[in-house]
Amino acid sequence: MKPIMPRKWLAVFCLALCWATVVGAQTGFEMQGNEKPSGDPRRRAKIHTELGAMYFQNGNMAVALDELRIALEADSGYVAAYSVRGLVHAYLREFAKADEDFGRAMRLAPNDPEVNNNYGWYLCDTGKERQSIAYFLTALKNPLYETPDRAYTNAGTCALRAGDLEGAETYLLQALRYARDGAPQARLQLAGLLYKRGVVEEARRYLNDAMKMIEPATAEALWLGVRLERKLGNRMAEGSYAAQLRSRYPASKEYQEFLKGNFE
């Protein structure tokens, strides 16, 4: 399930799907009238975890946590509930609680690809980029993992953050190979990588491809567009990206960099 996240951290998380997967399967589950979940504890835990993930995706953290609490009361060993709750606590910057939930999930299912992918992204987003790679690679070892492109994209994004351009390129190209949705985040990260290398025209091509798939455009994508077009001397396109960045994300770190003139 892909979270649709309302703020910068969540937007990055989702598109670097966040590309972390919240729950292994999408069910489209909705409670109808007075319908109650099945009496089976595992089924109840699954339903409430999926509801918690949906509330998380819509930015309602309090209800998400409540649904996940109900899931774990139904089945205290339901791994996905700990993994999703870890993501919610991470978003709320409640790191001790996130560590506890991810630790429990990893103890219960150390080889589960979704748990490893989510935990890897959590580590990456909290400054442990190099440490995170091992968890994405563990996820990829599972031959039944349905979305390897997400783990490859996450690995590439985090390797890029860690300054490993060669490793990042390898992972991101693998993400394109396995992707079913065009891999917009992998393309965006490849655009950033190529920009760093000075391969500006190719970077622009990857960015343009990504922008066709990302709606709305993120602050990261718009800021890269500003710098690319500036490098290419295209003032009209640079101005268009800058105007969108200013109107959509005036409080973003990217716009603050723009105001400071830190184009590199």
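Colleague: Which helix holds Arg227?
Modeller: This is a predicted model, in which local features need pLDDT of at least 70 and side-chain atom pairs count only at pLDDT 80 or more, while totals for chains, interfaces and linings use all residues. Residues are numbered from 1 along each chain as its sequence is written, and side-chain values use heavy atoms, with hydrogens and water left out. Helices are DSSP runs (H or I, at least four residues) and strands are runs of E (at least two), numbered from the N terminus. Residues 219-232 form the helix that holds Arg227, helix H12.

Colleague: What is the nearest side chain of opposite charge to Arg227?
Modeller: Lys and Arg count as positive, Asp and Glu as negative; His and the chain ends are not counted. A salt bridge needs a side-chain nitrogen of Lys or Arg within 4 Å of a carboxyl oxygen of Asp or Glu. Arg227 is buried but has no salt bridge. At 6.6 Å, the nearest side chain of opposite charge is Glu264.

Colleague: Which residues does Arg227 touch, leaving out those up to four places away in sequence?
Modeller: Contact means heavy atoms within 4.5 Å. With those sequence neighbours left out, Arg227 touches Tyr195, Phe263 and Glu264.

Colleague: Is Phe263 buried or exposed?
Modeller: Buried means under 20% relative accessible area, exposed means over 50%, and partly exposed lies in between (1.4 Å probe, protein chains only). Phe263 has 15% relative accessibility, so Phe263 counts as buried.

Colleague: Which charged residue sits over the ring of Phe263?
Modeller: The test is NZ of Lys or CZ of Arg within 6 Å of the ring centre and within 35 degrees of the ring normal. Arg205 lies over the face of Tyr206, at 4.8 Å from the ring centre. For Phe263, the distance to the ring centre is 3.9 Å, and the residue is Arg230.

Colleague: How do the rings of Phe258 and Phe263 pair: stacked, tilted or edge-to-face?
Modeller: Rings of Phe, Tyr and Trp (its six-membered ring) pair if their centres lie within 6.5 Å; planes under 30 degrees apart are stacked, over 60 edge-to-face, and the rest tilted. The whole structure has 10 aromatic pairs. In this one, the centres are 6.0 Å apart and the planes stand at 90°, so the pair is edge-to-face.

Colleague: Which residues have the most contacts inside the largest nonpolar core?
Modeller: A nonpolar core is a set of buried Ala, Val, Leu, Ile, Met, Phe, Trp, Tyr and Cys residues joined through side-chain atoms within 4.5 Å. The largest has 46 residues. A second, separate core of 26 residues includes Ala71, Ala81, Val88 and Ala90. In the largest core, the residues with the most contacts are Leu207 and Phe258.

Colleague: Which residue pairs with Glu229 in a salt bridge?
Modeller: Glu229 has 5% relative accessibility and counts as buried. The salt bridge to its partner is 2.7 Å, N to O. Glu229 is in helix H12 and the partner in helix H11 (residues 200-213), so the pair ties together parts 25 residues apart in sequence.

Colleague: Which residues form salt bridges with Glu238?
Modeller: Glu238 counts as buried, at 9% relative accessibility. One partner is partly exposed, with a relative accessible area of 35%, and its closest N and O atoms to Glu238 are 3.1 Å apart. The other is exposed at 52%, with a salt bridge of 2.8 Å, N to O. In that order, the partners are Arg230 and Arg235.

Colleague: How far apart are the C-alpha atoms of Leu194 and Leu165?
Modeller: Leu194 lies in helix H10 (residues 184-197). Leu194 is buried, with a relative accessible area of 5%. Leu165 is 29 residues away along the chain, and the C-alpha separation is 9.2 Å.

Colleague: What share of the protein chain is buried?
Modeller: The chain has 14 helices and 0 strands. Among its 264 residues, the buried share is 52%.
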